[in-house]
Amino acid sequence: MKEHNPFVKAWRKGMKSVALVYPNRYVGGIANIGLQYIYAYVNSKEEFVCERFYTDVFGGLRSLESGRNLKDFDIAFFSLQYEEDYFNAVRILRASGFRGLKVAGGPCCMLNPKPLLKFFDAFVIGEVEGSDVLDRILEAKSREDLTGVEGIYTGEEDRVRRIRPKRLDFHLKSQIIGEGAYGRCVLLEVGRGCIRRCRFCVVRQIYSPPRWRDVRLLLEVAEDYRNVVKKVALIAPSVSDHPKIKELIAGLVEMGFMVSPSSIRADTVDEELMELLVAGGLRSFTIAPEAGSERLRNVLRKDISEEDVIRATEIAKEKGIKSVKLYFMIGVPGERDEDIDGLVELVKKVRDIIPRVSVSINPLSPKPHTPFQWLPYTGFRDVRVGMRILENRVKFIKKELSKIAEVSIDGVERFAIQTILSRGDVDVSQFVESGRPKLRIAERLGLTRYLEEIPVDRELPWDFIDHSYRKVRLIEEYLRADDEAVER
Ligand code: SF4
């Protein structure tokens, strides 16, 4: 594996060792700037050494750097980016025989760590920079040492307030460069949080308030990599909402970089932005209309119109973009057959402008802390019936679109499992322990009740996390969405 790694560190006697475990493939782990920050921070300390673990490197049981066994490390820090990774995380913990301090962090912990409480000593609730939480973890020997620490949940606390840096006036300077999800590139995290209010999305809730990095700081970081890589990946939940996005891309292009943005909203696209992106090497453009009709986009509060999608595609074509990728969701509350027809029609309209189209469709999984957290999975009160309807819609979409576009649709069952892992309580741990991510296993364990609609007055497993929003506001938003879903 060819890596540019400025940190390779020799082990010395008396050093405390930290295993940084990404329970998924290298390609995703190396593209995660949060993990890179922790790695750099721990290795910058004289008396500590940090090494990485990925599932496709020694099965996640030995480190990439020195090939040491996980069980020989003092602390294991797991990053949980996706619910499906819970199975890998627990398999790695069990198979390695690790006996040290087990800590987990990442967005899944910020949403709801209850299904994993049994397997870890502590969970980080929030963003680690700007607090002493990493130092407290490095000093700790047991769960008790971390009980009551700000931004940590050990299972003892009644309430945990999320931690976060107020300003992003810093950026990771030394990065490992590997073949990651964005290719071989330097990662520039342009911001966190989002100014939008999409009702299904966790970003606004768990990374609030939106914070942006200064263009000068970002260009300074890129400058150091001019002779190391050709490409820069711009990372943020909604990159093109950065108030000075054009200035940033123009500066990077002028430095000779290719620029790859993680996401661009269709309604922010104008000729100037598209020209800059094309000058930065963009050849394929991604748009996320999310739903096929204006009515459902309103239910989602996506704030993107069909006009925005068509206009952005036309601009893209004019500036030389050769292919378009479209993201949609199914199982949106109030979804009817005519909304699915609308989705198919919208794809056709885009294809009439740019012939190479790929379409990615996921069922909506209602997430904790969002206004959709109480929804039944599939959007139907009878979830079994809803799943059958969704399966039929998947078949219909495939039939209608597979001749004109490359279609990838994620399974209705897979997202049901994701919903159980995300909205479940401590009893979901038996499902994770089974090592078998199959819905029939969850059903046998009596866990499919986590797919059902939740009464708004019921206490939720994740209510103990304080993300600084008022629950009553979420309820109002949920009820408003419900009204909009049944309208017309
Ligand atoms: S879906 Fe995108 S635009 Fe909407 S709130 Fe989430 S990050 Fe922002």
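Modeller: Helices (H or I, at least four residues) and strands (E, at least two) are DSSP runs, numbered from the N terminus. Residues count from 1 along each chain as its sequence is written. This is a predicted model, where local features need pLDDT of at least 70 and side-chain atom pairs count only at pLDDT 80 or more, while totals for chains, interfaces and linings use all residues.

Colleague: Thanks! In which order do the six strands of the open sheet stand?

Modeller: Two strands pair if DSSP finds at least two bridges between them. The edges are strand 2 (48-54) and strand 6 (152-153), each pairing on one side only. The open sheet has mixed pairing, and its six strands follow the order 2-1-3-4-5-6.

Colleague: At what angle does helix 2 run to strand 2?

Modeller: Helix 2 (residues 33-43) lies across strand 1 (16-22), strand 2 and strand 3 (75-79). Axes are lines fitted to C-alpha atoms, for helices over the stretch in contact, and angles run from 0 to 180 degrees between N-to-C directions. Relative to strand 2, helix 2 runs at about 150°.

Colleague: Now the domains. How far apart are the centres of domain 1 and domain 3?

Modeller: The bounds come from an automatic or database domain assignment. They give domain 1 (16-161), domain 2 (166-274) and domain 3 (283-488). Taken over C-alpha atoms, the centres of domain 1 and domain 3 are separated by 30 Å.

Colleague: Which element gives the most residues to the side of domain 1 that touches domain 3?

Modeller: Here 19 residues of domain 1 are in contact with 21 residues of domain 3, where contact puts C-beta atoms, placed from the backbone, within 7 Å. Helix 3 (85-96) and strand 7 (160-161) each supply at least two residues of this side of domain 1. With four residues, the element that gives the most is helix 3.

Colleague: Let's zoom in on F87. Why does F87 count as partly exposed?

Modeller: F87 lies in helix 3 and touches V432, G435 and P437, not counting residues up to four places away in sequence. A residue is buried if 20 or more other C-beta atoms (placed from the backbone) lie within 10 Å of its own, exposed if 12 or fewer, and partly exposed in between. F87 is partly exposed because the number of other C-beta atoms within 10 Å is 19.

Colleague: Is H369 buried or exposed?

Modeller: H369 lies in the loop between strand 16 (356-363) and helix 14 (383-401). Its phi is positive, about 75°, although H369 is not a glycine. With 22 other C-beta atoms within 10 Å, H369 is therefore buried.

Colleague: What is the phi of D303?

Modeller: D303 sits in the loop between helix 11 (294-300) and helix 12 (306-318). D303 is partly exposed, because 13 other C-beta atoms lie within 10 Å. Its phi is positive, in a residue other than glycine, and is near 55°.

Colleague: What is omega for the peptide bond from S208 to P209?

Modeller: P209 belongs to the loop between helix 7 (203-206) and strand 11 (211-212). The peptide bond from S208 to P209 is cis, and its omega is near -10°.

Terms used: Contact = placed C-beta atoms within 7 Å.
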